[in-house]
Amino acid sequence: MRHVRGFDVVRPLSIWMLIFMMMPLVFLPLASIFIFGTSNGLGNFWAALNAPEAIFALKLSMVTSFWATIFNVLFGLFAAYVLSRYNFFGRNALIVTISLPTAIPTAVAGFALLLLWGPYGTLGRFLKPQGI
């Protein structure tokens with residue numbers, strides 16, 4: 001129930017309920033990595049984290065996510081400005097293209113790319129003889 005004056009009880013409660021419901025989505029995968037990673041001992045887990053391949057992968061992930069964030073902020077602000085100010089041919093198609101990554105899960109998009117560009121995919125089988 002919303003009060004006209006004073007403190008609104010529902011808003012903080014709903015925010016905390018949302019946080020409580022979303023926490024397993026963050027902490028369960030992290031706990032799974034830690035539990036299964038340390039099943040052979042903490043030393044093996046630490047050695048795997050300090051392996052050159054793991055350090056390279058972590059650095060690559062951090063650099064890639066940094067530049068992806070910069071790219072998304074710049075072009076996202078530009079696209080939002082253009083789409084909110086102007087009407088042009090293909091505007092709806094552009095909106096659908098921008099909204100598509102939120103509608104299709106990442107795993108499905110990855111699987112579709114694999115089916116398209118993989119060695120046995122639609123386009124990949126033509127690139128395999130060229131060594132690509």
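By class, how many nonpolar, polar and charged residues are in the lining of the largest pocket? The lining has four nonpolar, two polar and no charged residues. Ala, Val, Leu, Ile, Met, Phe, Trp, Tyr, Cys and Pro count as nonpolar, Asp, Glu, Lys and Arg as charged, and the others, Gly among them, as polar.

This is a predicted model, in which local features need pLDDT of at least 70, side-chain atom pairs count only at pLDDT 80 or more, and totals for chains, interfaces and linings use all residues. Residues are numbered from 1 along each chain as its sequence is written, and side-chain values use heavy atoms, with hydrogens and water left out.

**Confidence**
- The mean pLDDT (the predictor's confidence in each residue, from 0 to 100) is 86 for the protein, and 95% of its residues reach 70 or more.

**Fold and shape**
- The protein has six helices and zero strands; helices (H or I, at least four residues) and strands (E, at least two) are DSSP runs, numbered from the N terminus.
- The radius of gyration is 23 Å, well over the 14 Å that the globule rule gives for 132 residues, so the protein is more spread out than a compact globule. The radius is taken over C-alpha atoms, and the rule is 2.2 Å times the number of residues to the power 0.38.
- Along the principal axes, the C-alpha atoms fill a box of roughly 70 × 55 × 25 Å.

**Contacts**
- Among contacts (heavy atoms within 4.5 Å) between residues at least 6 apart in sequence, 0% join residues at least 24 apart.
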